[in-house]
Amino acid sequence: MTVIFNVQGLTFAYDKAAILEDLHLEIGKGVFLGIIGPNGSGKSTLLRLLSKALAPLGGVIEFKGTFLDRWQRAELAKQLAVMGQESPQGLDLTASQVVLLGRAPHQSRFGSESSRDLQVVEECMRITHTWDYAFRPFYQLSGGEQQRVMLARALAQEPEVLLLDEPTAHLDLNYQLEFFSLIKYLVAQGKLTAIAVLHDLNLAASFCDQLVLLSEGSVLAAGAPEEVLTAELIEKAYGVKVQVGANPLTGRPQLSPLPLAKEKRSLRVHVIGGGGAAAKLYYPLVQAGFTVTTGVLNQGDTDWQIAKNLGLELVEIPAFSPISQAAHEENLALIKKAQAVVLAAVPFGPGNLENLKAASSIDKQALFLLSDRPLSERDYTGGIASKLYEELMGRGQVVTEEELFALLREQSVADEESMR
Amino acid sequence: MDLNVQLKKQRRKWHLVSLSLFAVLIILVLIAAAVGSVKLSLREVWHVFQSKILGVESGNEAAQTIVWQLRLPRILLAAFVGAALSGAGVALQGLFRNSLVDPYILGLSSGAAFGAALAVVLKLSWLIPAFAFLGGIFATALAYTLAQERGRVPVMRLLLSGVATSSFLSALVSILMLKSQNNLQTIFLWLMGSFSGRSWPELFLVLPYMAAGLITILLQLRELNLLLLGEEAAGQLGMEVERAKRLLLLGAAMAAAASVAGSGTIAFVGLVVPHLVRLLTGSDHRFLFPLSLLTGAIFLVLADTIARTIMAPVELPVGIITSLVGAPFFLYLLRAGGNK
């Protein structure tokens with residue numbers, strides 16, 4: 001691997017508080033590297049140091065084997081381009097004039113634009129889809145259009161290395177994807193090494209070959225996305241618990257933040273689920289601060305997957321197998337401990353009829369029957385389930401999801417008051 | 001759509017506009033040389049030029065003296081001062097990325113005024129231009145030095161230290177004016193700016209400095225364009241930002257200080273002309289700068305001609321005309337161009 005940037009012991013501070021402290025990093029040629037980390041971790045500062053916009057307080061940066069401070073700016077600009085976070089304001093130039101400014105490192109002081117300059121400008125504007133408004137004033141363009149013009153300008157430098165600071169802050173989803181696809185394509189063609197500061201971890205995971213996770217001014221982890229985006233490292237850097245799954249399309253890591261309960265409530269809620277009927281309830285219930293248990297769920301079921309991801313206490317049985325006596329009793333035990341029982345709109349067959357029976361074991365617990373779908377549509381037991389359900393309707397309340405949360409909240413407030 | 005064709009078209013357009021403006025300037029100079037307390041015909045003016053430049057015999061001695069000794073040097077000085085102030089305005093507006101900046105922003109006018117007032121008080125009136133020039137350069141250098149921070153000069157600090165320098169020196173000027181009541185009018189008239197009584201020696205005295213200043217700026221037009229993207233981006237495009245800033249400041253200070261030395265502090269030209277031309281050409285300094293020089297020259301020749309004829313035989317300080325005519329015209333343009 002050819003090393004493009006070699007950073008050793010880099011230290012930087014704007015005033016007294018160090019932004020970067022003893023940072024070590026090697027960046028190889030021909031990669032798409034993402035720099036991630038929480039606000040204030042020094043991502044943008046690192047990028048500005050790499051571009052020589054700032055000078056380090058301590059340590060060294062080598063660019064292609066030569067110390068960065070030995071590089072002439074004019075020479076550096078032929079090999080290194082930067083696209084910043086913000087586009088310049090009120091620029092009274094046309095888009096193509098702005099992109100032409102990117103040719104400055106390749107022009108002599110008084111020479112006018114060569115035909116090669118114009119050719120490069122047009123090409124860069126075409127691949128960034130900005131050619132259509134090449135002759136419109138820059139200040140009249142939308143934020144997203146301006147950002148794509150700024151990318152064209154950076155590419156017009158024909159750099160070997162492109163530094164990007166939050167490049168898609170003003171772009172909507174489709175342009176964001178298009179933007180990164182283009183960068184990834186150029187990198188894959190072997191034309192470019194791209195180093196981007198990114199906020200969106202999932203975006204970083206799906207496009208970058210390598211990630212560097214900064215925390216408090218030094219490198220916490222570096223490597224392939226799978227190595228960097230682990231629940232432990234993310235919690236360490238961001239202080240947030242996440243669930244790391246796989247992106248359904250790319251297979252790259254995909255992070256989902258775990259619910260943060262604003263306040264803890266004493267209420268214990270048991271959800272009878274299965275067949276994906278309860279999946280949507282778990283997250284908001286945990287977020288509302290309740291202690292949530294659930295059962296009996298088949299392994300591999302959507303409800304089971306999500307309850308597992310959220311780390312809920314649950315009763316599980318192997319996929320496609322009927323509820324065993326042991327599982328049923330475990331379920332009853334959880335119901336006994338709960339103050340409220342929620343019966344999701346589960347389809348019932350002979351295999352999980354026990355779950356319906358479990359619901360009727362309630363004693364003083366409040367019972368809520370979710371009304372998403374009438375039971376007749378989900379009764380595969382030839383009427384047995386319907387009979388049991390009718391009996392349950394007399395003992396509990398049939399509610400919508402919205403009503404469920406309102407009632408649970410009421411109950412928990414009442415409980416907490418009576419306990420005082 | 002072809003980029004090459006578009007750029008050529010654009011360049012041809014601005015070359016054409018420049019040539020037209022140059023023609024307008026020449027015609028204006030001829031007309032200005034004809035009008036005044038002694039009215040001459042354009043033919044008589046033309047004969048004087050022919051005899052002086054081509055050596056063709058011309059009988060009219062009086063016309064020769066009036067045109068060649070009295071009017072022409074003054075008109076040319078007005079043209080050069082207009083060009084120099086406008087060029088300095090372009091440089092500083094580009095440097096500060098702010099179209100409300102004028103060449104006097106860094107205390108140059110107060111410094112020059114202080115120098116001039118000092119010369120008057122010290123009874124060295126014949127040295128007013130030199131004192132004014134040095135005062136202006138000194139004030140700008142002071143503002144620049146005070147704004148330095150770790151080898152860099154952030155433009156915001158520069159602007160603020162310029163304002164502080166300016167107000168400090170203005171206070172000193174006021175003290176000098178109070179101290180020497182009998183010279184009050186000399187100083188006051190000088191502050192208003194005027195071309196009255198200027199002839200060849202004054203012109204040749206200040207011309208080299210103006211030219212040096214403007215050429216310094218001319219060499220930095222590419223840098224001014226890159227600065228449009230912001231200082232950091234300009235640096236990342238290979239520009240030595242601090243060096244360019246120093247050169248631009250030096251060029252602008254020389255051009256403006258030489259103007260002030262030649263004619264006092266004429267307000268408004270260096271602010272309005274670049275702004276006005278930018279409405280037409282956009283921000284590309286390769287067009288903005290030369291067109292501003294020509295427009296500034298035309299504007300000030302016109303203003304001076306009005307100043308010396310409108311209330312003849314009394315001459316108004318030209319600064320009054322530039323503000324009186326320039327300000328409303330500028331406001332009109334701003335409102336008309338407001339939808340741009």
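Modeller: Let me start with B:I306, which counts as partly exposed because its relative accessibility is 31%, and please keep in mind throughout that this is a predicted model. The class follows from the cut-offs, since buried means under 20% relative accessible area and exposed means over 50%, with partly exposed in between. B:I306 belongs to helix α13 of chain B, which covers residues 285-309.

For a contrast, turn to chain A, where A:I27 sits in strand β2, the run of residues 18-28. A:I27 counts as buried because its relative accessibility is 1%. If we set aside residues up to four places away in sequence, A:I27 touches A:T2, A:V3, A:I4 and A:F5, and also A:L33, A:L50 and A:I195. A:Y389 stands 362 residues from A:I27 in sequence, and the C-alpha atoms of these two residues are 63 Å apart in space.

Apart from neighbours within four places in sequence, A:N352 is in contact with A:P347, A:V346 and A:I323.

Finally, we can look at how the two chains meet. The size of an interface is often given as the accessible area lost when the parts come together. Chain A and chain B bury about 2900 Å² between them, and 56% of this area is on carbon and sulfur atoms. Chain A contributes 37 residues to the contact, and chain B contributes 32 residues. Between the two chains there are 4 salt bridges. A:R48 takes part in a salt bridge with B:E232, where the closest N and O atoms are 2.6 Å apart. There are also 7 residue pairs in polar contact between chain B and chain A, both residues being at pLDDT 80 or more. On the side of chain B that touches chain A, at least two residues each come from α1 (3-34), α9 (221-227) and α10 (231-236). The largest share of that side is supplied by α1(B), with 6 residues.

How values were computed. Residues are numbered from 1 along each chain as its sequence is written. Chains are lettered from A and ligands numbered from 1 in the order in which they are written. This is a predicted model: local features need pLDDT of at least 70, side-chain atom pairs count only at pLDDT 80 or more; totals for chains, interfaces and linings use all residues. Side-chain values use heavy atoms; hydrogens and water are left out. Helices (H or I, at least four residues) and strands (E, at least two) are DSSP runs, numbered from the N terminus. Buried means under 20% relative accessible area, exposed over 50%, partly exposed in between (1.4 Å probe, protein chains only). Contact means heavy atoms within 4.5 Å. Buried area is the accessible area (1.4 Å probe) that two parts lose on being put together, summed over both. A salt bridge is a side-chain nitrogen of Lys or Arg within 4 Å of a carboxyl oxygen of Asp or Glu. A polar contact is a pair of N or O atoms within 3.5 Å; within protein, one must be able to donate a hydrogen and the other to accept it, and residues adjacent in sequence count only if both atoms are side-chain atoms.
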